[in-house]
Amino acid sequence: MVRPGRRLEPQARRDQILAGAVAYFAEVGLGGTTRDLAQRIGITQALLYRYFASKAELVEAVFERVFLDRLSPHWNAEIADRSRPLEERLRHFYRQYAAAIFTYEWMRIFMWAGLAGEALNQRYLSRVGDSLLAQLRDEIAAAGPYGAPDMEAMWALHGSIVYLGIRRFIYQLPTPDDVSPVIDESVDRFLAGIRRPQAG
């Protein structure tokens, strides 16, 4: 029988369960059970359900912690800051985005959720597409030297950068310790491909 262990304040206990769930689901996938999770954390299943009424509620909290909480509220303003060159804004955004998502938990839970057919991925990608990639596309189109990319082109750029994290955390292949130069090169290649020919 699992013993609840030392008494924690409610918020601290909730945070403990949530942190344990993030680590657990990253390792075993979203098919893992709350019974096994509770045993791993060292609490009773009944105590877990005191803080999360259902597994679906717990998974939703994991989604918010791992995915939504890492989307910076400052990114949109930084993307729109036309006092800085477009190229600098794109490189800066993708360096920050990579720093936010290049973790074992983010990559593995994202992959597990996709394989399980969870709607979490679609919700996250819709938010990224509507809130970030569409704005990046509009800024590129307004910059002057570039043709307006379509959303498929934006997703191709985005995917090429996310794939660095997939290589590292899913395939366990070597990647540079500092991915910033690789990100910069990906952005520069993308922009070179959509640059309008100069007249004359």
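Glu139 is buried, and so is Arg89 (buried means under 20% relative accessible area, exposed over 50%, partly exposed in between, with a 1.4 Å probe and protein chains only). The two form a salt bridge, with the closest N and O atoms 2.7 Å apart. A salt bridge here is a side-chain nitrogen of Lys or Arg within 4 Å of a carboxyl oxygen of Asp or Glu. The pair links distant parts of the chain: Glu139 sits in helix H8 (residues 119–142), Arg89 in helix H6 (residues 86–101), 50 residues apart. Arg82 joins Arg89 and Glu139 in a network of salt bridges.

This is a predicted model: local features need pLDDT of at least 70, side-chain atom pairs count only at pLDDT 80 or more, and totals for chains, interfaces and linings use all residues. Residues are numbered from 1 along each chain as its sequence is written, and side-chain values use heavy atoms, leaving out hydrogens and water.

The structure holds nine salt bridges. Another one pairs Arg84 with Glu88, at 2.8 Å between the closest N and O atoms. Glu88 is partly exposed, at 35% relative accessibility. Arg137 and Asp138 also meet in a salt bridge, 3.4 Å from N to O. Arg137 is partly exposed at 24%, and Asp138 is partly exposed at 42%.

Now the whole chain. It has 10 helices and zero strands (DSSP runs numbered from the N terminus: helices H or I of at least four residues, strands E of at least two). Its C-alpha trace spans about 80 × 35 × 30 Å along the principal axes. Of its 200 residues, 42% count as buried.
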